[in-house]
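Colleague: Hi! I'm new to this one, could you walk me through it?

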Amino acid sequence: MSISQEVARRRTFAIISHPDAGKTTLTEKLLLFAGAIQIAGSVKARKASRHASSDWMEIEKQRGISVASSVMQMEYRGCVLNLLDTPGHQDFSEDTYRVLTAVDAALMVIDAANGVEPQTLRLLQVCRARNTPIITFINKLDREVQEPLNLLAEIESHLGMDAVPFSWPVGMGRLFGGVFDIRRNRMRVFRAGQERRGDHDEIIEGLDNPLIAERFGDSFAKAHEEIELIAAAAPAFDHAAFLAGRQTPVFFGSAINNFGVQEVLDALVDLAPKPGPRTALQREVQPEEPKFSGVVFKVQANMDPAHRDRVAFVRVSSGRFDRGMRLTVSRTGKEIRPNNVVSFLSQRRELVDQAYAGDVIGIPNHGVLQLGDVLTEGETLQFTGLPFFAPELFQAVEVKDPLRIKQLRTGLIQLGEEGAIQVFRPEAVGGSLLLGAIGQLQFEVVAHRLKHEYGVDARLMPSRYNMARWITSDDPKDLRKFMDANAAHIAYDVVDATAFLLSSPAQLRVAQELYPKVQFHVMREHG
Ligand code: GDP
C-alpha cells in the first residue's frame with residue numbers, strides 16, 4: 001500500500017467524557033466490535049493490573065479515577081483506528097489538552113442522566129478552539145434518564161454547534177426498546193447483553209411499520225413524534241460543517257449492553273477525517289510526504305517500574321516510520337536510532353515495524369525526548385500548538401534531607417518535562433522551587449512519585465501565589481525594566497521561559513497598566 005493509501009485509511013481520535021459517563025466501557029466495546037478483543041473486561045482488567053504493578057497508581061485506585069492516558073490501535077472495515085484515551089479527572093486536564101492536539105477527531109461520551117457535565121465542558125472548549133470534529137454518544141439509555149430532546153438542546157447550547165441525531169431512542173430505562181436509525185429508516189431492537197458482540201440483533205424496517213407501533217406502544221408513539229419534529233426543525237447533516245466543528249452527529253445507546261456501539265464505529269470510519277496537514281513554524285507538513293516526521297505530545301516516566309523507562313508518545317505527522325531508522329531531534333539536532341519502539345496494537349505494547357501519519361508510537365528513552373519535540377529524518381521542524389496553561393495553584397517545595405537536593409532537582413526536572421507538574425525556579429537567589437498545577441491532585445501525585453521513583457521526601461508548603469503569566473515583549477529593554485522592578489515575583493519554567501507570579505488579578509491589572517509594552521500570556525505554546 002502506498003503512503004497516501006495508508007493515510008487515507010487512518011482515523012485518530014480521542015475519547016472524552018466526565019468521569020463515570022462510561023468512557024472505559026465504551027472503549028472496551030469499541031475494541032470488542034472491532035475484533036481487537038474477544039471478551040469484554042480486558043480493558044478494566046488491564047487497568048487493575050497496572051494498579052497492582054505500579055505504586056503511584058495507588059492514588060488513582062483510591063480515588064477511582066484514571067490518571068494516565070493510553071493509546072489503543074484497532075482495525076475495522078479496512079481502517080486503522082487509533083484511540084487515545086484521556087484522563088477524566090479535571091486535575092489532569094493539562095495532559096488531556098495535549099492529547100487533544102494529537103487527534104483529528106473526538107468521541108464525546110455523555111451520561112444521559114447527567115447531560116453535559118463540567119469536565120466535558122472544559123474539554124469541549126479545547127476541541128472548539130481547534131475546530132476538532134466531534135461525534136457524540138449519549139450513553140445509559142437503559143436507565144431513567146433525561147428527555148432526549150432536552151439533551152440535544154443542552155449539547156447545542158454548551159457546544160455552540162448544531163446537534164444532528166443519527167439515531168433516536170425508543171423509550172428508556174425499563175421500557176428502553178431500542179434505537180431508531182433515522183438515516184436507514186429502521187429500528188434496532190434492544191437486547192441486554194454483557195460480554196460478547198451481539199451479531200444477531202433484531203432489526204425492524206420502516207418508521208411507519210405497524211409492527212413497531214404495536215410492539216413498543218406509547219414509547220414508540222413518542223419517539224415517532226420526536227423524530228418527525230427533528231426532521232422538520234433540525235438542520236440536515238452537512239459533512240463539511242462536521243469537519244469544521246460546527247455540527248456534531250449524535251448517537252444514542254447503552255455501552256454496557258453493547259448497544260449503539262456499532263453505529264459509533266461506523267461513524268468513525270465513514271465520517272471522521274483522515275489525518276490532515278500539520279502546521280510547523282517552517283512550513284505546512286502534509287501527511288503523505290515521503291519523509292517521516294512526528295511530534296512528542298506526551299511523556300510518561302516509569303511506565304514499567306521494572307525498567308524505569310520514560311516513554312515519549314509520538315504522533316506521526318508524515319511519511320513512514322520504519323523500525324531501526326535514524327531520527328533527528330529538531331530541538332537539539334541529536335540523532336537517535338530507537339530500536340525498541342512500541343505500538344499499542346489492541347492495547348498490548350508490541351514492537352512496531354511501520355507506522356504512518358495518525359499512528360502513535362512509543363519511544364523509550366532516558367530524557368533525550370521532551371514534550372513538543374519533533375522527530376524528522378534530518379529537516380528542522382517545529383510544530384505549533386502544544387499548549388501549556390498558566391497554573392492556578394502553587395506550592396513551594398523543599399527536601400527534608402538536604403543531601404538529597406540533587407535527586408529532588410532531577411525528579412522535578414523529569415516530572416516537569418513530562419508535564420505532570422510545572423516547575424518554577426525563582427530569579428531571586430535562595431528562593432525555594434515552586435510547583436504550579438491546575439488541580440490539587442497533581443501535587444499529591446508528584447509528592448508520591450518523588451518519594452517512590454526518586455527516593456526524595458519532599459515537603460510541600462503553601463505559597464502566596466495563585467496566578468502566573470508568561471511574559472514577553474517586543475522591547476527587550478522594557479521587559480528587563482519590568483523584571484527588575486518585580487524581581488521578587490519573577491521565575492523561570494523548565495524551558496527557561498520567564499513567568500510573572502502573582503497573588504491577585506488586581507496586581508495583574510496594575511502591571512498591565514504600568515507596562516503596556518509587556519505581554520502577559522495565560523498560555524504558552526511549546527517552542
Ligand atoms: P468512565 O469513568 O467514564 O470510564 O466510566 P466507566 O466506563 O467506568 O463506567 C462508569 C459506570 O457506569 C460503571 O459502573 C459502568 O458499569 C456504568 N455504565 C457504563 N455504561 C453503562 C450503560 O450503558 N448503562 C448503565 N446502566 N451503566 C453503564
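Colleague: What follows H6?
Modeller: That's Asn 131, and its phi is positive, near 55°. Keep in mind that this is a predicted model.

Colleague: Got it. And H6 itself, how far apart are its end C-alpha atoms?
Modeller: They are 19 Å apart. H6 covers residues 118-130, and at 1.5 Å a residue its 13 residues should span 18 Å, so the two values agree.

Colleague: Nice. Which residues of H6 are buried?
Modeller: Thr 120, Leu 123, Leu 124, Val 126 and Cys 127. Looking down the axis of H6, the buried residues fall within an arc of 155°, so they line one face of the helix.

Colleague: Switching topic: how many residues are in the largest nonpolar core?
Modeller: It has 100, and Phe 13, Ala 106 and Val 314 have the most contacts inside it. Strand S4, residues 105-111, gives this core its largest share, 6 residues. At least three residues come from each of domain 1 (14-67 + 106-271) and domain 2 (278-376).

Colleague: What does Phe 13 touch?
Modeller: Leaving out residues up to four places away in sequence, Phe 13 touches Leu 83, Val 103, Asp 104, Ala 105, Ala 106, Leu 107, Leu 268 and Ala 272.

Colleague: Last one: which residues does the second core include?
Modeller: That separate core has 37 residues, among them Val 397, Ala 458, Ile 471 and Tyr 515.

Note on methods: Residues are numbered from 1 along each chain as its sequence is written. This is a predicted model: local features need pLDDT of at least 70, side-chain atom pairs count only at pLDDT 80 or more; totals for chains, interfaces and linings use all residues. Helices (H or I, at least four residues) and strands (E, at least two) are DSSP runs, numbered from the N terminus. The expected span of a helix is 1.5 Å times one less than its number of residues. A residue is buried if 20 or more other C-beta atoms lie within 10 Å of its own, exposed if 12 or fewer, and partly exposed in between; C-beta atoms are placed from the backbone. The arc is that of the directions from the helix axis to the C-beta atoms. A nonpolar core is a set of buried Ala, Val, Leu, Ile, Met, Phe, Trp, Tyr and Cys residues joined through C-beta atoms within 7 Å. Domain bounds come from an automatic or database domain assignment. Two residues are in contact if their C-beta atoms, placed from the backbone, lie within 7 Å.
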